[in-house]
Amino acid sequence: MKRNYILDNYRGITIISMVLFHLCYDINLYYKFDWYNNFYINKIWQLSIAISFFIISGISSNFLNWKKNLKRGVFISILGIIISLVTYFFVPDQLIIFGVLNGLGLSMILISLIQRFIKINNKLLILFIILFVITYNLPNQKILTKPINPFIYEKNLFVLGLPSAKFQSTDYFPIIPWFFIYISGFIIGKILIRKDFYNYYGKKTWLTIIGQNSLKIYLSHQIIIYFLVYLLFKFIL
């Protein structure tokens, strides 16, 4: 199978959106943006990036057998743990526990265990999207907007999406609700196979290169842009 540049370009757009979001976040530490601090603008932008990552990764899981998805999931999870350790020792005020890499990594591991049993089913896709919407506020002790008894959060099962009141993380993607989006992406990938999408390879552009190096950019971009923003406000502005 040839490389599908359409997915790479989509991934590239998502990476650029993420870098710009974090650039605004870093600048906002020194100079407040009213528009960036608007709850709806910030949340919609952030969600668009996260959902895109999970959907793209879910689609891409169709290219791999269960063993390779398992191996990929373990590798991404280890990177997520390393990021947690780095933030714990060097930037504790920006501590990340079970961030996006851990959410993606565990989703890859879970999909590897069940991918042989998942069939193309539009109703199943709709079900998982609905489950994501319903459980999105589960980490905030709500189902939709209805409060949940805090008792079930006392064990601090943050991996599942049931963090205790003391749990804190600047980047948090628990398996509920985020696996529902990942498996939605996996089903979308199967639907695209049926639609012969993967025989439309798209055009290779500069976005393609960014998309193909998404993990490297993700791991390095925040260090670079934070350092540049720090220098800008420390010595120039």
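Modeller: A nonpolar core is a set of buried Ala, Val, Leu, Ile, Met, Phe, Trp, Tyr and Cys residues joined through side-chain atoms within 4.5 Å. Please keep in mind that this is a predicted model.

Colleague: Understood. Which residues of the largest nonpolar core touch the most other members?

Modeller: The largest nonpolar core has 45 residues, and those touching the most other members are F54, V100, L101, L104, I111, W178 and Y182. At least two residues of this core come from each of α1 (5-28), α2 (39-60), α3, α4, α5 (122-135), α6 (175-194) and α8 (214-236).

Colleague: Which helix gives the most to this core?

Modeller: That is α6, with eleven residues. As general background, nonpolar side chains in soluble globular proteins tend to be buried together.

Colleague: What does L101 touch, leaving out residues up to four places away in sequence?

Modeller: L101 touches I76, S77, L79, G80, I83, L215, Y218 and L219. L101 also belongs to the lining of the largest cavity, as do G80, I83 and Y218.

Colleague: On that topic, how many cavities of 30 Å³ or more are found in the whole structure?

Modeller: The search finds one, and the volume of the largest cavity is about 40 Å³. Its lining consists of G80, I83, S84, I96, G99, V100, L101, N102, D171 and Y218. The elements that give two or more residues to that lining are α3 (66-90) and α4 (100-114).

Colleague: How do the lining residues divide into nonpolar, polar and charged?

Modeller: Five are nonpolar, four are polar and one is charged.

Colleague: Let us turn to S107. Where does it lie, and is it buried or exposed?

Modeller: S107 lies in helix α4. Its relative accessible area is 0%, so S107 is buried. Leaving out residues up to four places away in sequence, S107 touches F54, I175, F179 and Y182. Two of these contacts, F54 and Y182, are among the core members that touch the most others.

Colleague: And how far is S107 from N213?

Modeller: They are 106 residues apart in sequence and 21 Å apart in space, C-alpha to C-alpha.

Colleague: What about T135: buried or exposed?

Modeller: T135, in helix α5, has a relative accessibility of 11%; the cut-off for buried is under 20%, and T135 therefore counts as buried. Apart from residues up to four places away in sequence, T135 touches I143, I176, P177 and F180.

Colleague: A change of topic, then. How many aromatic pairs does the structure hold?

Modeller: There are 19 aromatic pairs. One of them joins W35 and Y36 edge-to-face, at 6.0 Å centre to centre and with 85° between the planes. W35 is partly exposed, at 41% relative accessible area, whereas Y36 is buried, at 3%.

Colleague: Why is the pair of W35 and W45 described as stacked?

Modeller: The planes of their rings are at 25°, with the centres 6.4 Å apart, so the pair is stacked. Planes under 30 degrees apart count as stacked. W35 is in the loop between α1 and α2, and W45 is in helix α2, ten residues apart.

Conventions. Residues are numbered from 1 along each chain as its sequence is written. This is a predicted model: local features need pLDDT of at least 70, side-chain atom pairs count only at pLDDT 80 or more; totals for chains, interfaces and linings use all residues. Side-chain values use heavy atoms; hydrogens and water are left out. On a 1 Å grid over the protein atoms alone, a cavity is a set of points where a 1.4 Å probe fits but cannot get out, and a pocket is an open set with protein on both sides within 12 Å along at least five of seven lines; lining residues have an atom within 4 Å of a point. Grid points are joined across faces, edges and corners, and a volume is the space filled by probe spheres set on the points. Helices (H or I, at least four residues) and strands (E, at least two) are DSSP runs, numbered from the N terminus. Ala, Val, Leu, Ile, Met, Phe, Trp, Tyr, Cys and Pro count as nonpolar, Asp, Glu, Lys and Arg as charged, and the others, Gly among them, as polar. Buried means under 20% relative accessible area, exposed over 50%, partly exposed in between (1.4 Å probe, protein chains only). Contact means heavy atoms within 4.5 Å. Rings of Phe, Tyr and Trp (its six-membered ring) pair if their centres lie within 6.5 Å; planes under 30 degrees apart count as stacked, over 60 as edge-to-face and the rest as tilted.
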